[in-house]
Every structure is written in structure tokens, then in C-alpha cells.
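Me: Hi! Could you walk me through this model, one question at a time?

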Amino acid sequence: MVDIALQIQSIIDERFNHNKAAFARAVGISPTTLASYLSTKKASKPTSDFLCDVVDKLGISAAWLLTGQGEMADEQQPHGDDVRTYGANSPGKIVRQCH
């Protein structure tokens with residue numbers, strides 16, 4: 001199972017030169033919310049809205065974000081595609097339509 005916090009940290013490191021505040025601004029969340037998602041002690045689970053914003057606003061592959069498979073960048077995914085969940089019990093189930 002993929003640790004979403006590690007995926008988010010990879011995006012911050014690679015796309016934002018380790019700048020968490022810039023990442024938070026880019027996806028429209030507060031630095032405090034981001035810190036709660038990345039916490040190693042008691043991390044909060046990211047909301048589906050946040051995950052959609054990461055996919056839509058940053059061009060990140062939903063499959064990579066949720067499963068770690070494939071490439072981080074999703075150049076072919078047009079704005080507004082669905083974010084899907086992946087796993088044994090819900091392969092490809094639509095979570096919500098992203099903006």
C-alpha cells in the first residue's frame with residue numbers, strides 16, 4: 001500500500017524544490033493542513049478535494065498519487081478527469097469528479 005504522505009512529499013521535493021509553503025499555496029490549502037497530512041506521528045488523511053486539486057492543478061497522475069505506479073506527471077490527463085480509488089475492494093471506483 002502506498003503512503004500518500006510520501007507521494008505528496010515527493011511532489012514537494014521535485015516540483016517545489018522542497019518548499020512546502022509554495023506547494024500549499026499551489027493547491028489551495030494552509031501550511032498547517034499540509035503539515036497535518038505529512039505528520040509522521042499522527043497524520044490526517046487527505047481529503048478527496050485535496051487529492052483532486054493535486055491532480056488537477058499540478059498535472060499529477062491520479063494512479064501514481066494513489067498507487068505509486070506509473071509516472072508522477074500525467075501530461076495526457078485533461079483538466080477535469082475523474083480521480084479514482086484503487087485497491088482490492090474498489091478498483092477504479094470514482095471518488096468524485098475533479099474540477
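Reply: Happy to. Accessible areas here come from the Shrake-Rupley method with a 1.4 Å probe. Keep in mind that this is a predicted model. On that basis, the protein exposes about 6100 Å², and the share of this area supplied by carbon and sulfur atoms is 50%.

Me: In what order do the helices and strands of the protein run from the N terminus on?
Reply: The protein holds five helices and two strands. Read from the N terminus on, the order of these elements is α-α-α-α-α-β-β.

Me: What percentage of the residues of the protein count as buried?
Reply: A residue counts as buried when its relative accessible area is under 20%. The protein has 99 residues, and the part of them that counts as buried is 34%.

Me: Among contacts between residues at least 6 apart in sequence, what percentage join residues at least 24 apart?
Reply: Contact means heavy atoms within 4.5 Å. Taking the contacts in the protein between residues at least 6 apart, those that join residues at least 24 apart make up 40%.

Me: Is the pair of Phe-23 and Phe-50 stacked or edge-to-face?
Reply: A pair of aromatic rings is described by the distance of the centres and the angle of the planes. The count comes to three aromatic pairs. For Phe-23 and Phe-50, the centres are 6.3 Å apart and the planes stand at 75 degrees; over 60 degrees is the rule for this class, so the pair is edge-to-face.

Me: How many residues apart are Phe-23 and Phe-50, and which helices hold them?
Reply: The pair links distant parts of the chain. Phe-23 belongs to helix 2 (residues 20-27) and Phe-50 to helix 4 (residues 48-58), with a separation of 27 residues.

Me: What class of aromatic pair do Tyr-37 and Phe-50 form?
Reply: Tyr-37 lies in helix 3 (residues 31-38) and Phe-50 in helix 4, so this pair ties together parts 13 residues apart in sequence. The ring centres are 4.8 Å apart, with 50 degrees between the planes, and the pair is tilted.

Me: Which residues form the aromatic cluster?
Reply: Tyr-37 is buried, as is Phe-50. Both belong to one cluster, whose members are Phe-16, Phe-23, Tyr-37 and Phe-50.

Me: Is helix 2 roughly parallel or roughly perpendicular to helix 3?
Reply: Two packed helices are described by the angle between their axes and the distance between the axes. For helix 2 and helix 3, the axes are 9 Å apart and the angle is about 110 degrees. Angles of 65 to 115 degrees share one class, so helix 2 is, relative to helix 3, roughly perpendicular.

Me: How many charged residues does the contact of helix 2 with helix 3 have?
Reply: Helix 2 brings Lys-20, Phe-23 and Ala-24, which meet Pro-31, Leu-34 and Leu-38 of helix 3. By class, this contact has five nonpolar residues, no polar ones and, as for charged residues, one.

Me: Is Gln-7 buried or exposed?
Reply: Gln-7 sits in helix 1. Leaving out residues up to four places away in sequence, Gln-7 touches Val-2, Trp-64, Leu-65 and Gly-68. The relative accessibility of Gln-7 is 10%, under the 20% cut-off, so Gln-7 is buried.

Me: Which residues does Ser-10 touch, not counting residues up to four places away in sequence?
Reply: Ser-10 is in helix 1 (residues 4-15) and counts as partly exposed, at 23% relative accessibility. With residues up to four places away in sequence set aside, Ser-10 touches Trp-64 and Met-72.

Conventions
Residues numbered from 1 in each chain as written. Predicted model: local features only at pLDDT ≥ 70, side-chain atom pairs only at ≥ 80, totals over all residues. Heavy atoms only, no water. Helix = DSSP H or I, 4+ residues; strand = E, 2+ residues; numbered from the N terminus. Buried < 20%, exposed > 50% of the residue type's maximum accessible area, 1.4 Å probe, protein only. Phe/Tyr/Trp six-rings, centres within 6.5 Å; stacked < 30°, edge-to-face > 60°. Axes fitted to C-alpha atoms, helices over the stretch in contact; angles between N-to-C directions. Parallel < 35°, antiparallel > 145°, perpendicular 65-115°, else oblique. Nonpolar A, V, L, I, M, F, W, Y, C, P; charged D, E, K, R; others polar.
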